[in-house]
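Please look through the structure below with an eye to its aromatic side chains.

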Amino acid sequence: MEKEKKVIKKMDDPSGRGSLSGYKVPFPARQRPYSEEEIQTVVDVMRNTECQTQGDHMRKFEADLKAYTGANHAFAVDNCTNALGLAATLCRVGPGDEVIIPAYTFCSSAISFARTGAKVVWADINKETWVIDPKDIESKITANTKAIVAVHLLGMPADMEAIMAIARRHNLKVVEDCAQALDARINGRHVGSFGDYACFSFHGAKTMTTLGEGGALLVKSDEDAALVPGLRFCGIRGFEGERERYWVPAMSNVDTDIDGVWPYNYCMGEAQCAVGSVMLDTLTANTDKIIEAGLKIRERMSDTPEISFNVIPEGYRHVMHQFVMHFDGSAFGKNRNDLMDSLTEEFKIRCIVQYYPLYRYPLFQKFGLDEANCPVLDEFWENSFSFPWWCAPDDETIQYVVDSLKAAINKLKNS
Ligand SMILES: *Cc1c(COP(=O)(O)O)cnc(C)c1O
């Protein structure tokens with residue numbers, strides 16, 4: 001008798017992406033399944049690797065990340081939120097400082113800086129690319145500004161040339177949040193290789209995941225890079241030279257590299273690093289597939305003026321980590337919510353809306369960060385939505401979502 005196939009219940013996930021059942025096209029909680037090679041890699045580390053953290057797999061993964069992105073230094077860490085926190089530490093931001101951060105991003109882009117005591121100043125998005133607007137950054141710089149966080153949201157590179165020029169003029173640090181933009185490039189140059197620091201995520205919902213959690217910090221200068229191992233692992237370091245008795249102090253020395261800064265543990269385990277290296281091998285081919293699918297939707301929607309996409313500047317590789325569209329139904333008195341109601345109820349397509357302007361959330365309001373001057377974002381948010389997206393939807397699914405979207409808009413026009 002054939003063994004009954006085990007049904008794994010899909011849980012609703014706290015990210016709000018909501019891989020709920022009952023939809024023809026649900027919003028998946030992760031981008032792609034693991035390959036057999038990736039699974040085998042993890043099993044091999046479990047069976048054969050003596051050292052389970054901070055070993056050869058970590059060093060290899062870091063070397064691979066460096067080679068892939070063209071960065072000067074790469075460090076594996078437990079998630080991108082902590083990579084951003086380390087970047088905040090290395091920027092030396094704290095109370096009295098201001099950090100300019102786009103209000104349109106995932107919350108941890110801002111939390112990691114806000115929790116140092118620095119003040120977050122919300123930047124608006126560019127009307128065409130939907131990522132942080134360099135002109136708006138410059139208008140918000142004050143004598144207290146210390147750093148800029150450039151988020152390559154949705155997989156679209158921020159205008160790094162303009163942002164780096166502003167930073168040079170005003171002597172500011174630049175942190176790139178590349179959580180959604182692994183493999184995104186500007187004229188062939190990878191995002192993450194422009195700023196002083198860059199942070200990546202290998203969370204389960206990202207293009208590549210190191211078993212659910214994971215991240216990386218890229219660092220430009222040698223001086224900063226020398227500080228990271230201690231900051232990442234509780235200030236633990238080896239000894240220079242012989243000790244009189246090897247057990248004094250115990251196993252290793254513990255110290256801080258930056259006065260007044262407590263180090264902590266942000267390490268990533270060996271199995272995660274090993275699978276990360278394997279995933280980097282297929283990453284470019286994977287993003288190529290995602291981009292191809294995304295371009296198909298753009299092309300097939302090009303006869304529908306109510307729907308628009310972010311404009312991809314010449315020479316930019318936008319990796320389309322999320323598939324966000326803007327809907328303009330003002331000519332017939334309809335809005336994004338009307339469209340999503342129709343897609344959900346009549347076409348069983350579960351779209352979501354991401355991301356809420358951060359100054360509207362209770363968390364940031366409770367910390368007094370409810371003030372913002374971001375008119376482009378306010379208009380954009382009211383009319384944008386994300387299509388279900390992963391690597392990579394087949395042609396039948398793409399055609400179904402395109403047909404449904406057009407049908408839903410026609411119905412709204414005629415109702
Ligand atoms: C996912 C994400 C993060 C946080 O990544 P974690 O690895 O989950 O901590 C930060 N910034 C952006 C833009 C993200 O999308």
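Tyr 104 and Tyr 355 are both buried, where buried means under 20% relative accessible area, exposed means over 50% and partly exposed lies in between, found with a 1.4 Å probe on protein chains only. The model is predicted, so local features need pLDDT of at least 70 and side-chain atom pairs count only at pLDDT 80 or more, while totals for chains, interfaces and linings use all residues. Residues are numbered from 1 along each chain as its sequence is written, and side-chain values use heavy atoms, with hydrogens and water left out.

Across the whole structure, a search finds 15 aromatic pairs; rings of Phe, Tyr and Trp (its six-membered ring) pair if their centres lie within 6.5 Å, and planes under 30 degrees apart count as stacked, over 60 as edge-to-face and the rest as tilted. The rings of Tyr 104 and Tyr 355 are edge-to-face, because their planes stand at 70 degrees, with the centres 6.5 Å apart. Tyr 104, Phe 106, Trp 130, Tyr 355 and Phe 380 together form one aromatic cluster.

Another pair joins Tyr 264 and Tyr 266, whose ring centres are 5.7 Å apart and whose planes meet at 55 degrees, so this pair is tilted. Tyr 264 is exposed, at a relative accessible area of 54%, whereas Tyr 266 counts as buried at 16%.

Charges also sit over rings, which requires NZ of Lys or CZ of Arg within 6 Å of the ring centre and within 35 degrees of the ring normal. The charged end of Arg 189 lies over the ring of Phe 194, 4.0 Å from its centre, and that of Arg 336 over the ring of Trp 381, 4.6 Å from its centre.
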